[in-house]
Amino acid sequence: MTQPLNAAPEAAPIPPDPVLGAVISNHPSNRLRPLIIGGFIDGIAYLTLNATLATLDTWWAPPLTIILIAIIVLTVGWSILHIWNREIVVFERGFSYREGSQTIFFHYEEIDALRMRAERRAYFGGLLRRTIYRFTVHTLAGETFTISNLYVRVAQLGEQLNQRVDRVLIPRFERKLTAGETIPFGEQIRLSATGLRADSRDLPWDQFGGWEVKARALHLKQRDGAVWASIPLAEIDNITVLVHFLRARLQTA
């Protein structure tokens with residue numbers, strides 16, 4: 001079947017990477033939102049300057065109005081272009097992070113921590129609701145970058161990265177625990193072969209009674225059901241890995 005003359009051509013598929021493998025998904029920047037915001041800013045600036053500065057009875061008012069409008073349009077256009085050229089591609093064994101003309105490739109083995117945050121917000125008295133996502137990635141080399149609603153299908157992106165990073169971190173942390181090391185899950189909580197540590201207090205595994213996620217916090221409990229420590233979810237690294245080890249301890253208790 002021939003393609004209609006007015007049909008938009010399909011985007012060329014992204015080829016597999018010789019090192020990172022086949023493409024799982026790609027997530028370009030959400031380009032519609034900055035276009036709408038940029039158009040709104042340009043329109044307001046145009047109307048305001050033409051209704052104020054351009055109406056002055058001086059020779060320099062019209063050319064200054066044109067110069068200021070040009071500066072605003074160019075500045076807004078540069079900002080949109082900076083967002084337009086961003087994209088994250090998820091591969092089998094890693095992902096790429098493109099910003100402008102630079103593309104950086106990461107193996108999942110290079111990731112040290114993934115901090116995830118999702119917050120439901122309401123605007124205009126609840127008429128408009130939106131989920132704000134923020135995923136912070138830390139690498140073993142000390143690099144840090146943030147993934148937000150700037151990217152399309154950001155929830156799917158975060159889930160795919162989380163699943164694949166967990167496959168690397170869980171066996172890595174298991175080896176560290178066997179070697180007697182303590183594993184930090186952020187600044188407030190640490191886990192070792194002997195138990196948990198939070199707020200300069202220790203909870204041995206034989207006194208650990210489970211956990212509960214409530215009110216945007218992870219509540220760690222003692223055997224008697226009392227809450228031993230409460231840690232905000234937004235301050236926990238690799239929370240799904242932490243829950244994996246907590247669940248494993250309960251199953252072996």
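Me: What makes two strands a pair here?
Reply: Strands are DSSP runs (E, at least two residues), numbered from the N terminus. Two of them pair if DSSP finds at least two bridges between them. This is a predicted model, where local features need pLDDT of at least 70, side-chain atom pairs count only at pLDDT 80 or more, and totals for chains, interfaces and linings use all residues. Residues are numbered from 1 along each chain as its sequence is written, and side-chain values use heavy atoms, with hydrogens and water left out.

Me: Which strands form a hairpin?
Reply: Strand 2 and strand 3, with two residues between them. They pair in the antiparallel sense over five bridges. In strand 3, Arg-98 is the bridge partner of Glu-87.

Me: How do you know that strand 1 and strand 2 pair?
Reply: Five bridges join strand 1 (residues 23–28) to strand 2, in the antiparallel sense. The definition asks for at least two, so they pair. Pro-28 stands opposite Glu-87.

Me: Why is strand 2 called largely enclosed?
Reply: Six of the six residues of strand 2 (residues 86–91) are buried, so the rest of the structure largely encloses it. Buried means under 20% relative accessible area (1.4 Å probe, protein chains only); exposed is over 50%, partly exposed in between.

Me: Why is His-27 called buried?
Reply: Its relative accessible area is 0%. The cut-off is under 20%, so His-27 is buried.

Me: What makes the approach of His-27 to Val-152 a polar contact?
Reply: A polar atom of the His-27 side chain lies 3.1 Å from the backbone oxygen of Val-152. A polar contact is a pair of N or O atoms within 3.5 Å; within protein, one must be able to donate a hydrogen and the other to accept it, and residues adjacent in sequence count only if both atoms are side-chain atoms.

Notes. Helix = DSSP H or I, 4+ residues; strand = E, 2+ residues; numbered from the N terminus.
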